[in-house]
Amino acid sequence: MDALEALHQRVSVPRLVGPAPTAVQREAMYRAALRAPDHAYLRPWRFLVIEGEGLEALGELFGRAALVQADGDLSADVLARYQGLPLRAPLLIVAICSHSEHPKVPPIEQDMACAAAVSNMLVAAHAQGLGCVWRTGDLAYDPLIREGLGLSSHETIAAFLYVGHPAGELKRVPELDPQDFFAKWPPVQGSATRT
Ligand SMILES: Cc1cc2nc3c(=O)[nH]c(=O)nc-3n(C[C@H](O)[C@H](O)[C@H](O)COP(=O)(O)O)c2cc1C
């Protein structure tokens, strides 16, 4: 797929099925992630690749965290829902932002580099006919999840990236007009500030 077509047509795919991406498809996604812009080449990211029994283990961890968040007051149904969350795709990539001290690169720039890496993976997945969705939610910030996934104090979860094959038709690409978001500066007096 043409690069611009992939960029223009990518949509999130929440309903995903197997098979999991092949080794070649994964490698293409990983390489795309590692080409994200990265101030001072800090490589402020690492990724956990979870599939098979790992997804069930992550589901157990989600369930434990949800129970703690609810002070133990969780119905069996709701608990099962949390436990099933990671099973919504055959492959889950946890993108972790690893902040380091740098005189010119504050943590927010490292977060942005990490987000760009995730975004590159979304597009690389789409370009290969895969489906992908970036999720976070409360659990991404939960101490039990952080501990269970082995995060250090200088790390944050940027994304739970669910990857697989689209279960049905892709949704329509929303129609957004670039003119609504891009304006000339300084504005031209007496005329609309459109590009
Ligand atoms: C940092 C971040 C966190 C997100 N977390 C969630 C989430 O937890 N659940 C969700 O449904 N969508 C989440 N989204 C949004 C989807 O990934 C998706 O971008 C959005 O639904 C728009 O769909 P589109 O990508 O097809 O335009 C998140 C996006 C970003 C950038």
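1. Basis of the values. In this predicted model, local features need pLDDT of at least 70 and side-chain atom pairs count only at pLDDT 80 or more, whereas totals for chains, interfaces and linings use all residues. Residues are numbered from 1 along each chain as its sequence is written, and side-chain values use heavy atoms, with hydrogens and water left out.

2. Overall build. The protein has six helices and five strands, where helices (H or I, at least four residues) and strands (E, at least two) are DSSP runs numbered from the N terminus; along the sequence they follow the pattern α-β-α-β-α-α-β-α-β-α-β. Taken along the principal axes, the C-alpha atoms fill a box of roughly 65 × 45 × 35 Å. Of the contacts (heavy atoms within 4.5 Å) with a separation of 6 or more, 77% are accounted for by residues 24 or more positions apart.

3. The protein exposes about 11500 Å², of which carbon and sulfur atoms supply 56%; accessible areas come from the Shrake-Rupley method with a 1.4 Å probe, and for residues only the protein chains shown count as cover. Buried residues, meaning those under 20% relative accessible area (1.4 Å probe, protein chains only), make up 35% of the 195 residues.

4. Ligand distances. An N or O atom in the side chain of Ser12 is 2.6 Å from an oxygen atom of the ligand, while backbone N or O atoms lie 2.9 Å from a ligand oxygen in the case of Thr136 and 3.5 Å in the case of Gly137. The ligand taken alone exposes 620 Å², and the protein buries 53% of that.

5. Nonpolar cores. A nonpolar core is here a set of buried Ala, Val, Leu, Ile, Met, Phe, Trp, Tyr and Cys residues joined through side-chain atoms within 4.5 Å. The largest one has 24 residues, among which Ile145, Leu149, Phe160 and Tyr162 touch the most other members. At least two residues of this core come from each of α3 (53–69), β3 (91–98) and β5 (155–166), and α3 gives the most, with six. A second, separate core of 23 residues includes Cys97, Ala117, Ala124 and Leu130.

6. Gly59. This glycine lies in helix α3 and is buried, with a relative accessible area of 0%. Leaving aside neighbours within four places in sequence, Gly59 is in contact with Tyr82, Gln83 and Pro86; Gly59 and Arg81, 22 residues apart in sequence, are 9.1 Å apart in space, C-alpha to C-alpha.

7. His99. Placed in the loop between β3 and α5 (107–127), His99 counts as buried because its relative accessible area is 18%, under the 20% limit. The side chain of His99 makes a polar contact with the side chain of Asp111 (2.7 Å); such a contact is a pair of N or O atoms within 3.5 Å, and within protein one must be able to donate a hydrogen and the other to accept it, with residues adjacent in sequence counting only if both atoms are side-chain atoms. Apart from neighbours within four places in sequence, His99 is in contact with Pro107, Gln110, Asp111, His154 and Thr156.

Definitions and conventions. Buried means under 20% relative accessible area, exposed over 50%, partly exposed in between (1.4 Å probe, protein chains only).
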